[in-house]
Every structure is written in C-alpha cells, then in structure tokens.
Amino acid sequence: MKKEEGGGVKVRVDAAACQGHGRCYALAPDVFETDDHGHCVVPAADVTPEREAAARAGAENCPEDAITLDQD
Ligand code: F3S
C-alpha cells in the first residue's frame with residue numbers, strides 16, 4: 001500500500017553537493033537556513049506534516065539535487 005503523503009519527513013542535505021544556490025531557504029525558510037557562506041543547513045531534520053510541502057519545494061528546486069527527503 002502506498003504510504004500517504006503528509007506524515008512528516010526527514011530532510012538531509014549533502015553538504016558536499018550544496019553549492020549555495022540558496023533556492024531552498026528562499027522557498028522554505030522554515031525548513032532550511034543558511035550558514036555564513038550561503039550554504040544550506042537544516043536545523044531540525046524532522047519536518048512536520050505542515051512544513052512538508054515547503055521542504056519538498058526546496059528539494060525539488062535545488063539545482064544540485066543536494067536535498068533528500070525520507071518518509072518516516
Ligand atoms: Fe545548496 Fe541547493 Fe540550497 S545548492 S543552498 S541546497 S538550493
């Protein structure tokens with residue numbers, strides 16, 4: 001059975017792949033933040049269902065495919 005969306009996800013950022021394009025934290029500032037060099041950091045890997053769409057938008061718009069969402 002397909003898992004329903006909206007159950008919360010875990011977000012991971014591949015720090016080696018991130019080039020600092022900044023689309024993730026521009027689109028989803030509640031999920032992604034920037035470090036001093038403009039690279040993405042995720043302060044809380046567990047994303048609540050309310051923020052899942054924002055996390056997904058950030059992941060889908062990263063030109064480097066540096067963001068991964070894992071269903072819980
Ligand atoms: Fe990095 Fe992609 Fe965000 S390159 S700053 S994870 S849009």
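I began with Asp65, which I found in the loop between α2 (49-60) and β5 (67-71). Helices (H or I, at least four residues) and strands (E, at least two) are DSSP runs, numbered from the N terminus. Residue numbers start from 1 along each chain as its sequence is written. I kept in mind that this is a predicted model: local features need pLDDT of at least 70, side-chain atom pairs count only at pLDDT 80 or more, and totals for chains, interfaces and linings use all residues.

Back to Asp65. I looked up its backbone and got a positive phi of about 55°, although Asp65 is not a glycine. Is Asp65 buried or exposed? Asp65 counts as exposed, because it has 10 C-beta neighbours inside 10 Å. For this label, C-beta atoms are placed from the backbone; 20 or more others within 10 Å make a residue buried, 12 or fewer exposed, and anything in between partly exposed. I also checked the chain as a whole: of its 72 residues, 24% count as buried.

Next, the fold. I get two helices and five strands for the chain, and along the sequence they follow the pattern β-α-β-β-β-α-β. The radius of gyration is 12 Å, close to the 11 Å of the globule rule for 72 residues, so the chain is as compact as a globular protein of that length. That radius is taken over C-alpha atoms, and the rule is 2.2 Å times the number of residues to the power 0.38.

Then the sheet. It is open, with three strands in the order β4-β1-β5 and antiparallel pairing. β4 (46-47) and β5 are the edge strands, each pairing on one side only. Two strands pair if DSSP finds at least two bridges between them; β1 (residues 9-13) and β5 have five, and they run antiparallel. Which residue of β5 stands opposite Val9? I found Gln71 there. I also saw α2 packing on the sheet, where it touches β1, β4 and β5, and its direction makes about 145° with that of β5. Contact here means C-beta atoms, placed from the backbone, within 7 Å. The angle runs from 0 to 180 degrees between N-to-C directions, with axes fitted to C-alpha atoms, for helices over the stretch in contact.

Last, the ligand. Of the 14 residues around it, Cys18, Arg23, Cys24, Cys40 and Cys62 come nearest. A residue is near if its C-beta atom, placed from the backbone, lies within 6 Å of the molecule.

Conventions: Contact = placed C-beta atoms within 7 Å.
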